[in-house]
Amino acid sequence: MTTTMAGAMTTTLTGPVLFKAACPDCRSCFELASDALRLAIGASSRTTFYSFTCPDCGSAVRKPAGERIIELLTGGGVRTLRLHCG
């Protein structure tokens with residue numbers, strides 16, 4: 001979502017949110033829509049990650065997610081799973 005201000009008028013533009021990603025297997029770089037990513041938030045940095053399937057080679061990719069990545073992905077509408085230890 002983008003908000004622009006021109007004088008006293010405010011306009012909000014909505015469109016698909018795209019995230020840049022890369023596959024560690026085939027080294028391809030691409031953009032993914034928010035519905036192509038999943039975010040898992042666990043109790044530690046080892047259990048907090050985001051994942052997607054590479055559109056070029058089909059590999060399942062899992063990468064660590066720090067605080068900034070979590071903020072960007074959740075703000076962009078990526079589905080989030082909170083992992084609980086029990």
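This section describes the secondary structure, the sheet, the nonpolar core and the aromatic pairs of a predicted model.

Residues are numbered from 1 along each chain as its sequence is written. Because the model is predicted, local features need pLDDT of at least 70 and side-chain atom pairs count only at pLDDT 80 or more, while totals for chains, interfaces and linings use all residues; side-chain values use heavy atoms, with hydrogens and water left out.

The chain contains 1 helix and 8 strands. These elements are DSSP runs numbered from the N terminus, with at least four residues of H or I for a helix and at least two of E for a strand. Read from the N terminus, their order is β-β-β-β-β-β-β-α-β. Of the 86 residues in the chain, 28% are buried, where buried means under 20% relative accessible area, exposed means over 50%, and partly exposed lies in between (1.4 Å probe, protein chains only). Of the contacts between residues at least 6 apart in sequence, 41% join residues at least 24 apart; a contact requires heavy atoms within 4.5 Å.

An open sheet of 4 strands has the order S7-S6-S5-S8 and mixed pairing. Two strands are taken to pair if DSSP finds at least two bridges between them. Strands S7 (60-64) and S8 (79-82) are at the edges with a single partner strand each, so one side of each has no neighbour in the sheet. From one strand to the next, the twist averages 25 degrees. S6 and S7 run antiparallel and are joined by 5 bridges, and Ser51 stands opposite Arg62 in S7. S5 and S6 are likewise antiparallel, joined by 3 bridges, with Ala40 opposite Phe49 in S6. The pairing of S5 with S8 is parallel and extends over 4 bridges; Ile41 has Arg82 in S8 as its bridge partner.

Helix H1 (residues 67-75) lies across S5 (38-41), S6 and S8, and runs at about 130 degrees to S5. Axes are lines fitted to C-alpha atoms, for helices over the stretch in contact, and angles run from 0 to 180 degrees between N-to-C directions.

In soluble globular proteins, nonpolar side chains tend to be buried together. A nonpolar core is defined here as a set of buried Ala, Val, Leu, Ile, Met, Phe, Trp, Tyr and Cys residues joined through side-chain atoms within 4.5 Å. The largest such core has 16 residues, of which Phe30, Leu37, Leu39, Tyr50, Phe52 and Leu73 touch the most other members. S3, S4, S5, S6 and H1 each give two or more residues to this core. Apart from neighbours within four places in sequence, Leu37 contacts Phe19, Leu32, Tyr50, Ser51, Phe52, Leu73, Val78 and Arg79.

A pair of aromatic rings is described by the distance of the centres and the angle of the planes. Rings of Phe, Tyr and Trp (its six-membered ring) pair if their centres lie within 6.5 Å; planes under 30 degrees apart count as stacked, over 60 as edge-to-face and the rest as tilted. The count by this rule is 2 aromatic pairs. Phe30 and Phe52 make an edge-to-face pair, at 5.9 Å centre to centre and 75 degrees between the planes. This pair links distant parts of the chain, with Phe30 in strand S4 (residues 29-33) and Phe52 in strand S6 (residues 49-53), 22 residues apart. Both Phe30 and Phe52 are buried. The ring centres of Tyr50 and Phe52 are 6.3 Å apart and the planes are at 20 degrees, so this pair is stacked. Tyr50 is buried, as is Phe52. Through these ring pairs, Phe30, Tyr50 and Phe52 are linked into a cluster.

Arg62 is placed over the face of Phe49, 3.6 Å from the ring centre. The criterion for a charge over a ring is NZ of Lys or CZ of Arg within 6 Å of the ring centre and within 35 degrees of the ring normal.

Two further residues were examined. Ser28, in the loop between strand S3 (18-22) and S4, is buried with a relative accessible area of 14%. Not counting residues up to four places away in sequence, Ser28 touches Ala21, Ala22, Cys23 and Asp56. Leu18 belongs to strand S3 and is partly exposed, with a relative accessible area of 46%. Beyond neighbours within four places in sequence, Leu18 is in contact with Glu31, Leu32 and Ala33. Leu18 and Glu31 are 13 residues apart in sequence, and their C-alpha atoms are 5.9 Å apart in space.
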